[in-house]
Amino acid sequence: MSDMDSEDVHERIRQSFARQGAMETLGAELTRISQGVVEIELPFDVKLTQQHGILHAGVISAALDSACSYAAYTVVAPDASLLTIEFKVNLLSPGRGDRFLFRGEITKPGSTIIVADGRGYAVGDGPAKLIASMTSTLMVVRGREGITG
């Protein structure tokens, strides 16, 4: 990818992310975009917890899904969109922290199907702690009404 192409990809991802009401509701922000890798961060908020005061599995899954999807956007053509068709989440440790980092990375790029892996981390005092992993399968979509960028 040339520098110009890279900037176009970054802008496309930033604009798409800004249209995601779910990520806005969670207070998530896009913090890294690079070839095959995207990171999303969100602060701890009691409104995002389950009954034990830890980050809800649905919030973790949503953030990982978005991170994996946007990582896939770094490897598809500008005329393509993506839809998640399957994912598997492993919750590895309670989501306790001041902030959370969700990283999506491309495992297998493709012209029709893309596989990405995600990792979620709790960040607080001390080293970041791995709290979840995801394997995501995404379908590349072209020319479908209502599904763009």
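Predicted model: local features only at pLDDT ≥ 70, side-chain atom pairs only at ≥ 80, totals over all residues.
Accessible areas here come from the Shrake-Rupley method with a 1.4 Å probe, and for residues, only the protein chains shown count as cover. On that basis, the accessible surface of the chain comes to about 7900 Å², and 51% of it belongs to carbon and sulfur atoms.

Residues are numbered from 1 along each chain as its sequence is written, and side-chain values use heavy atoms, with hydrogens and water left out.

Turning to the fold, the chain has three helices and six strands, where helices (H or I, at least four residues) and strands (E, at least two) are DSSP runs numbered from the N terminus. Read from the N terminus, the order is α-α-β-β-α-β-β-β-β.

The C-alpha atoms fill a box of roughly 45 × 30 × 25 Å along the principal axes. Among contacts (heavy atoms within 4.5 Å) with a separation of 6 or more, 64% come from residues 24 or more positions apart.

One residue I would like to show is Ser 93, in the loop between strand S3 (81-91) and strand S4 (99-108). Why does Ser 93 count as buried? Because its relative accessibility is 15%. Leaving aside residues up to four places away in sequence, Ser 93 touches Lys 129, Leu 130 and Ile 131.

Note on methods:
Buried < 20%, exposed > 50% of the residue type's maximum accessible area, 1.4 Å probe, protein only.
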